[in-house]
Amino acid sequence: MAHKQDIQADTEEKTSVGKELFQWVLVIIGAVILAFLIDTFVIVNAQIPSGSMENTIMTGDRVFGNRLAYKFSDPKRFDIIIFKYPDDESQLFIKRIIGLPGETVEIHDGNIYINGSDTPLEDVDIKEPMEGSFGPYTVPEGCYFVMGDNRNNSRDSRYWENTFVSEDEILGKAVLRYWPLNEIKLL
């Protein structure tokens, strides 16, 4: 009788270990699926490869973008976006929106003018005063004219073969710099 109880206890123990192992496998598979879904549909993770967005975002910083930001509203001027580079969609770029669909962007002596205005665009805090004159660029419908915040050292819409970023190339709005940890901030 004692032998029968030992066998039964061993069987229950093996079943218990098997159940627990199975539950852990389910949890790990669930976590992997959840991470995949979040990365595919909710956030975009990007590393900054160059100094084109200094001093807002520095080379080597890592940022999260919100993939859902433009599902119910259009991108706005000065939003920082993560997008597929129009000249090579295998690369991700991050820049600031300057020109909206239908607008004409012109740059004279480092000042940005929208739609022939006499008043320059009230720009964001850029690294240094921009130099040069560019344009005019008439932004097609469904597209955006973008520039880096380090305007004198940014390869952006002013220099690309395919000048504009189309809506379908935008992956998300940059919302959080999370690396380096001592400089976490909302963008």
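# Salt bridges, strands and overall form

Glu183 counts as partly exposed, because its relative accessibility is 37%, where partly exposed is the range between buried (under 20% relative accessible area) and exposed (over 50%), using a 1.4 Å probe and protein chains only. The chain is a predicted model, in which local features need pLDDT of at least 70 and side-chain atom pairs count only at pLDDT 80 or more, while totals for chains, interfaces and linings use all residues. Residues are numbered from 1 along each chain as its sequence is written, and side-chain values use heavy atoms, with hydrogens and water left out.

## Charged pairs

The partner of Glu183 is Arg177, and the side chains of these two residues meet in a salt bridge with an N to O distance of 3.7 Å; a salt bridge here means a side-chain nitrogen of Lys or Arg within 4 Å of a carboxyl oxygen of Asp or Glu. By the salt-bridge rule, the count comes to nine.

A further salt bridge joins the side chains of Arg77 and Glu103 at 2.7 Å, N to O. This pair links distant parts of the chain, 26 residues apart, since Arg77 lies in the loop between strand S2 and strand S3 (80–84) and Glu103 lies in the loop between strand S4 (92–99) and strand S5.

The accessibility of the residues in the latter two pairs is set out here.

| Residue | Relative accessibility | Class |
|---|---|---|
| Arg77 | 22% | partly exposed |
| Glu103 | 10% | buried |
| Arg151 | 1% | buried |
| Asp123 | 28% | partly exposed |

The loop between strand S8 (143–147) and strand S9 (165–166) also holds Thr163, which is buried with a relative accessible area of 18%. Thr163 and Asp87 are separated by 76 residues in sequence, and their C-alpha atoms are 8.6 Å apart in space.

## Strands and their pairing

S1 pairs with strand S2 (residues 62–66) in the antiparallel sense over five bridges, and two strands are said to pair if DSSP finds at least two bridges between them. Within this pairing, the bridge partner of Ile43 in S2 is Asn66.

Elsewhere in the chain, three strands form an open sheet in the order S6-S5-S7, with antiparallel pairing. Its edge strands are S6 (111–114) and S7 (134–138), each of which pairs on one side only. Strand S5 (residues 104–108) is joined to S7 in the antiparallel sense over three bridges, and here Ile107 has Phe134 in S7 as its bridge partner.

## The chain as a whole

The chain has one helix and eleven strands, and along the sequence these elements follow the pattern α-β-β-β-β-β-β-β-β-β-β-β. Helix H1 spans residues 2–41 and includes Ile29, which counts as partly exposed because its relative accessibility is 45%.

The C-alpha atoms fill a box of roughly 100 × 35 × 25 Å along the principal axes. The chain has a radius of gyration of 25 Å, whereas a compact globule of 187 residues would have one near 16 Å; the radius is taken over C-alpha atoms, and the globule rule is 2.2 Å times the number of residues to the power 0.38. Of the 187 residues in the chain, 35% are buried.

Technical notes
Helix = DSSP H or I, 4+ residues; strand = E, 2+ residues; numbered from the N terminus.
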